[in-house]
Amino acid sequence: EDSPGDDTQEEGSDSAAPSENWPDPADASLLTGPASAAEIPDVEPLPGEPDPQFPVTITDDRGQEVTIDSADRILALDIYGTLSDITLGLGLGDRLVGRTVSDENPSMEHLPNVTVSGHTLNAEAIMELQPDLILHDTTLGPREVLEQLESSGITVVQITPDRELDGVDDLMRDVAASLGVPERGEELVSQFETEWDEAQAYIEHLGSDTEVPPSAAVLYVRGNAGVFFIMSEDNGVNDLLGNLGLADAATEAGITGLQPANAEALADLNPDLIFVMTKGLESTGGLEGLLARPGVAQTTAGQNQRVIDAPDSQLLSFGPRSPQALTALAEAVYLEPHAADGTQ
Ligand code: HEM
């Protein structure tokens, strides 16, 4: 078993290797060849039966007071899949009545998808599900759809769209409060903090021999829809990369929001590593297809074929699965034997 979990410290052992079970990253070639992050399991719900208490009144991210009378038929809508992950973690997954394209959790597979053409909310599909509570974070729209749903009498709670590892606890607390289970929110937070502390120590150990952090970029690609963007701090990218011991090339290039990944922008960016989503990579013809896009092959990452893919809903995960998701990413970066020509 590669993952952390054994924090017994051997007497006299090197502080860089807190556990003898942890692999030695010394041999890994950090900067060449493609790698894939392992798929992590679905969210593990907290033990015990939740017993939501209503009504609750909260102040949501709009600064608006919202009173929630029930949460029997929940929609948790955001582009990252964070809000649904937290709902599952709280043990309220059986109350979710729909999902978005970003919710790839096996436990949500049976639910109807309320997004169309990627990430557009379908008002009619949502109405048909008769939700009593919608949690969203403005990353899915159009906004008019949410306004329309709210004026039809559905309770709508807006949660912050900010994504960073240090903000996961607040996201958990806000979702738990809206779902009438604040104490379970605290339980989820403390479980997360324990797991994240362990994962962080492990990731630091893996990355410990890099003196100057290599630079990396997260590219969002959907080949068949003509979508190709550089993601930035606005999607939590600098936080994600920083936690992996990498520098965010987009921040260094002054990029915010989503910027078209054209040849000029990629030349400016010139990352050592490129991260993409697995299905996104497939949609553009895999590694070969990505490298054939203007400007990609000219970057350092492109020259070295240093492209790391992770399951789509796992790459930008800022919820209960983040410790596992970042561990899988770090192992792909620092451990996986990789070489473009198939040799070590
Ligand atoms: C489709 C995830 C951001 C545009 C998808 C799919 C997933 C996904 C899982 C379905 C892929 C498949 O089943 O083949 C995410 C996540 C995002 C994100 C996790 C951010 C955290 C974006 C952004 C855009 C976008 C920012 C546009 C600027 C699209 C489009 C499709 C799509 C157009 C449909 C592609 C098609 O049907 O051919 N996304 N996405 N996504 N996404 Fe995203």
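Predicted model: local features only at pLDDT ≥ 70, side-chain atom pairs only at ≥ 80, totals over all residues.
Helices and strands are here DSSP runs, of at least four residues for helices and at least two for strands, numbered from the N terminus. In these terms the loop between strand E1 (35-36) and strand E2 (56-59) holds Pro 55, and the peptide bond that joins Phe 54 to this proline is cis, with omega about 0°.

The protein chain as a whole contains 13 helices and 14 strands. Of its 344 residues, 44% count as buried. Among the contacts in the chain between residues at least 6 apart in sequence, 68% join residues at least 24 apart.

The domain assignment divides the protein chain into domain 1 (26-40 + 212-334) and domain 2 (56-180). The C-alpha centres of domain 1 and domain 2 are 27 Å apart, and the contact takes 15 residues from domain 1 and 15 residues from domain 2. On the side of domain 1 that touches domain 2, H6 and H12 each supply at least two residues. By class, this side of domain 1 comprises 5 nonpolar, 7 polar and 3 charged residues.

Thr 120 is located in strand E6, and it counts as partly exposed because it has 15 C-beta neighbours inside 10 Å, a number between the limit of 12 or fewer for exposed residues and that of 20 or more for buried ones. The C-alpha atom of Thr 120 is separated by 19 Å from that of Leu 316, a residue 196 positions away along the chain.

Helix H5 (residues 182-206) has 25 residues, and the distance from its first C-alpha to its last is 36 Å, close to the 36 Å expected at 1.5 Å a residue. Its buried residues are Arg 184, Gly 185, Leu 188, Phe 192, Ala 199, Tyr 202, Ile 203, His 205 and Leu 206. The cover over these buried residues of H5 includes helix H1 (82-89), helix H4 (168-178), helix H6 (237-243) and helix H13 (322-334).

In helix H3, the residues Val 145, Leu 146 and Leu 149 are buried. Viewed down the axis of H3, the buried residues fall within an arc of 95°, and they therefore line one face of the helix. The face of H3 turned away from this buried side carries the exposed residues Arg 143, Glu 144, Glu 147 and Ser 151. Strand E6 (120-121), H2, E7 and strand E8 (155-158) are among the elements that cover the buried residues of H3. H3 is followed by Gly 153, whose phi is positive and near 110°.

Gln 130, with phi of about 50°, is found in the loop between helix H2 (123-128) and E7. Gln 130 is exposed, because 10 other C-beta atoms lie within 10 Å and a residue with 12 or fewer such neighbours is counted as exposed. Gln 305 likewise has a positive phi of about 50°, and its place is in the loop between helix H11 (300-303) and strand E14 (307-310). Gln 305, in contrast, is buried, because 20 other C-beta atoms lie within 10 Å, and a residue with 20 or more such neighbours is counted as buried.

Definitions and conventions. Residues numbered from 1 in each chain as written. Expected span 1.5 Å × (residues − 1). Contact = placed C-beta atoms within 7 Å. Domains from an automatic or database assignment. Nonpolar A, V, L, I, M, F, W, Y, C, P; charged D, E, K, R; others polar. Arc of directions from axis to C-beta.
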